[in-house]
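Try each task before reading its solution.

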Amino acid sequence: MNPAKLAIRIHEWRNDIALFFEDITGLTPTDDQERFLLDMQDLSKDRSIISAGRGTGKTLCLAVVALWYVFVLPKIVRQPIKVVVLGGSFEQSKNLYNYIKEWSYKHDYIKRELAKEPTMTETLFIDGSWVKALTASEKQVRSPRADLLIIDEAVEAGEMLIEAALQIINASKYPRIILSSTPHEFSSLFVKIWDKPSEFGYTTYNWQAKNCHWIKQDTIDKAKKLLSAGMFQIEFEGIPYAFTGSVFHLEALKLCLFKTIQKVDEAETIMGVDWGFYPAPTCCIVVQRVKDRIKVLHIDSYLKEKFEDVLDSLEQTAKTFQVKVIYVDSIPPGEGIRLKDRGLPVYRIAFKGEKPLLISNLQALVEQKRIEIPEDFFALISQMRAYRFDTKKEDDFVDALMLACRGVSTSVSTSEDLTELIYIGRRNMRFKNPFKKDELDPKLCSRCQKNPKWAHDMCMDCWEKFLDEQG
Ligand SMILES: Nc1ncnc2c1ncn2[C@@H]1O[C@H](COP(=O)(O)OP(=O)(O)O)[C@@H](O)[C@H]1O
Ligand SMILES: [Mg+2]
């Protein structure tokens, strides 16, 4: 673009960020993105909050706005403009920043205005405008002064950080803050602001996966089928959901009860074990997994038995049902190790960390009537009826069942992105994505000594091989 053309284009971009979006990315903004971009042209709208589903284009769109701020706006207002990008983690702010860096190289008309080579975290323009990606440490947040502050995945940034960050734009003539996130933590400041936007002075935007043409309908349909209603609402519709009260609705639970359960010969059986400390019992549940459905076959509990006797009994049950996998709570460690030493296929799960996901998984099974429970398993059923998100006692059967049903929804998924979307490795929820290599526990696999292992002793590849070998 020659200078004269660029000058005209700059003025067009000033009043049409959607056009800038297209020119920069080569993509067409969705209606949701366009509505947001239109508001961004109005500099008096100083506080915006986007609550949206995962993968709906938040980061990309915010990167366009950030670039518009440092490349277009300074030429209109005739002063340098500064943008700070913060993320729930440094990785996140860098994701956003990397888009800007990439586009600055890609488009010659931007490249020739760079004051120097962009660094890992900073792009500086000749006129003094800049974009910086900051780590989410409070110390850093206190330092710079800027005009636009973007906090991506703000739920993870936490309350303190959001409050501390606000002063970054205090002294600006054109101050603006944009918060954006998937609303996955109900108690976060992000969700509080979203719920009472006028109190905080924010304009709200909600983007849903169904309006994004690049998210396959098939993925959405599958997620709707496999995720609990709450999880779907958060991850795909971008609407906060309060996980409070009863986990299993009575009406739904009733529909999952059967007089007899038909065992399927060729389907794999799985055992879940929740270790108890007196007065809580150790509970064991055996289920059969038939595609994305669960049949509960057996429950057992041990209260005052000697530990060796409990192990004997568990071993016996495992052999009777020819279980393929035994999921046990990794705490306390000794119990699972000793059961494993008996040559059983024991996998120790960091139960506490995975619990939010395991609850959602079991809740989805019940809501969608994908689980069959014998109606005379009273102990289990009464615990399920009473189970609340904050239940801490008399929940041992339910915990064992959650372990036995672990991964059932994902095991049938053929779609990579669905697994991605369901197992979101989020710091705040403290669970790991066992499918994503870069979030793995860095220890090496006990079998191949190469690939990092995940929650079990084996890496994903060996774990799959192991299952094949077993049958
Ligand atoms: N308007 C659009 N048209 C086509 N693809 C888009 C559009 N907006 C975003 N995307 C793509 O969607 C994917 C997810 O975008 P991203 O910004 O990372 O989403 P989020 O931050 O909401 O999780 C990216 O591959 C991005 O290129
Ligand atoms: Mg993002």
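Two strands pair if DSSP finds at least two bridges between them. Helices (H or I, at least four residues) and strands (E, at least two) are DSSP runs, numbered from the N terminus. This is a predicted model: local features need pLDDT of at least 70, side-chain atom pairs count only at pLDDT 80 or more, and totals for chains, interfaces and linings use all residues. Residues are numbered from 1 along each chain as its sequence is written, while chains are lettered from A and ligands numbered from 1 in the order in which they are written.

**Exercise 1.** Find the bridge partner of Thr123 in E4.

Solution. Start with the strands: E3 is joined to E4 (residues 130-134) by three bridges. The two run antiparallel. Then locate the partner of Thr123: Val131.

**Exercise 2.** Give the strand order of the sheet and name its edge strands.

Solution. The order is E3-E4-E2-E5-E6-E1-E7. These seven strands make an open sheet with mixed pairing. E3 (122-124) and E7 (203-207) are the edges, each pairing on one side only.

**Exercise 3.** Describe the shell around ligand 1.

Solution. Count first: 14 residues surround the ligand (C-beta atom, placed from the backbone, within 6 Å). The closest are Leu27, Gly57, Lys58, Thr59 and Leu60. Next, sort the shell: five nonpolar, seven polar and two charged. Finally, ask which element gives the most. That is H4, with three residues.

Methods. Nonpolar A, V, L, I, M, F, W, Y, C, P; charged D, E, K, R; others polar.
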